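Reader: I'm new to this one. Could you walk me through it, one question at a time?

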Amino acid sequence: MTANPVDFDASPNNLEPFWMPFTANRQFKKAPRLLVAAKDMHYQSHDGRTILDGTAGLWCVNAGHARKEITEAVAAQLGKLDYAPAFQMGHPGAFQLSNKLTQMMPDFDHVFYCNSGSEAVDSALKIALAYQRAIGQGARTRLIGRERGYHGVGFGGISVGGIVSNRKVFGPLLAGVDHLPHTHDLKRNAFVRGLPEHGAELADQLERIVALHDASTIAAVIVEPVAGSTGVLLPPKGYLQKLRAICDKYGILLIFDEVITGFGRLGASFATEYFGVVPDMITCAKGLTNGVIPMGAVFVRKGIYEAFMNAPENTIELFHGYTYSANPAACAAGLAVLDIYKREGLFERAAELAPYWEAGVHSLKGTKNVIDLRNLGMIGAIELEPREGKPTARAFEAFLGCYEKGVLIRTTGDIIALSPPLIVQKTHIDQIFDTIGKVLKTVN
Ligand SMILES: Cc1ncc(COP(=O)(O)O)c(C=O)c1O
């Protein structure tokens, strides 16, 4: 029996079949916002408007949109070698990219590839467990995350993550996971510029967790150095250093999830460089390819890879990997964007612009409903008082208002999070904060 042929070209552009991720589908489909083109700092919408990108897409387009060098590199790669398996085979781009990345991150000597931040997190958690076993510490199976942490949407990531909506309907999750308290403290730290003064002592909660479970059962701690998706929660001064010291004391691996802080967001290559704290593993994605081809990666610190190299040479050392690990087009995009970051000095540029950005964020002090303003590097957050009985409604209205006025912002709960491409100009920064200020005045 042959199926009826379907004329795909004749089908209308029906919005219904696409189940949109992390989206209020019914609301969106009643009043869609489609982006149809992008260049440098701007999107074009389906209704012909120009929208300034205040969020680098989803924290990923650090070098700005539609960079010719990346497009050409990907096109050339696809024309030459479209796909190569990464299991028991290789292609030059994967090795070139790994060399460049490890040159950029001298404490880390190997890179494991996947396709997203979520997969990078799950890969890092698995490497942590396998590493502990490889060094004779196989009883270390517990993983410690943090309240309000976001580590993507895999079962590992939501287990160590701490955002209730992302967890509550998905069952018991991974066993043997515990959580540090989050560091958000509006009472003590509201409206501080840069890093909060208070809260380093919250890292000591790891001592309590160790006392409860015993260090011999704990494999790793994972945190975002700056928590992004939960609304830009900055680490109190000294907090990350304390975490590092406690992990060292007990032989616990420290993983920094740098999916948003990687590739220049803080005005340094990674948060590890910015804070001067070296974790054992770093997860990244997003800015790794400027968002254009899905790719994630895990950097491992010197010594971790070697611990896996004990079995006979013909054995697979780590039973983990993806069909698209180190996909050739993604590697080509990664190599091209690393060139752009370097040639245009975008990480340094972010550091130079950070004070102007900070002034922009804090210019909103006193604006209606604003209960906190936060900034670090080229990240900003505006926290709004939630509307009585209707959490998230106020921020979502601000989002729609800004979109109408030609600026793309991102909201999470009642927090507006900002993270422009690192090619942003001062005039764009002015436009972002003028627009948000005007819109907030109109939102009740
Ligand atoms: C810190 C962090 N980890 C992991 C992820 C998940 O990345 P992805 O959406 O690529 O799976 C994100 C995404 O925003 C993130 O911010």
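Reader: Which loop holds Ala326?

Author: Before that, this is a predicted model, where local features need pLDDT of at least 70, side-chain atom pairs count only at pLDDT 80 or more, and totals for chains, interfaces and linings use all residues. Residues are numbered from 1 along each chain as its sequence is written. Helices (DSSP runs of H or I, at least four residues) and strands (E, at least two) are numbered from the N terminus. Ala326 sits in the loop between helix H12 (304–307) and helix H13 (328–343).

Reader: Is Ala326 buried or exposed?

Author: We count C-beta atoms, placed from the backbone: 20 or more others within 10 Å of a residue's own means buried, 12 or fewer means exposed, and anything in between is partly exposed. Ala326 has 26 other C-beta atoms within 10 Å, so Ala326 is buried.

Reader: What is phi of Ala66 near?

Author: Ala66 lies in the loop between H2 and helix H3 (68–80), and with 14 C-beta neighbours inside 10 Å it counts as partly exposed. Its phi is positive, in a residue other than glycine, and is near 55°.

Reader: How far apart do the C-alpha centres of domain 1 and domain 2 lie?

Author: The domain bounds come from an automatic or database domain assignment. That assignment gives domain 1 as 18–67 + 345–442 and domain 2 as 69–343. Their C-alpha centres lie 25 Å apart.

Reader: Which element gives the largest share of the side of domain 1 that touches domain 2?

Author: The contact (C-beta atoms, placed from the backbone, within 7 Å) takes 33 residues from domain 1 and 31 residues from domain 2. Elements giving two or more residues to the domain 1 side include helix H2 (56–59), helix H14 (346–362) and strand E11 (370–376). The largest share, seven residues, comes from H14.

Reader: What radius of gyration does the protein have?

Author: The radius is taken over C-alpha atoms, and the globule rule is 2.2 Å times the number of residues to the power 0.38. With 444 residues, a compact globule would come out near 22 Å, and the protein agrees with that at 22 Å.

Conventions. Two residues are in contact if their C-beta atoms, placed from the backbone, lie within 7 Å.
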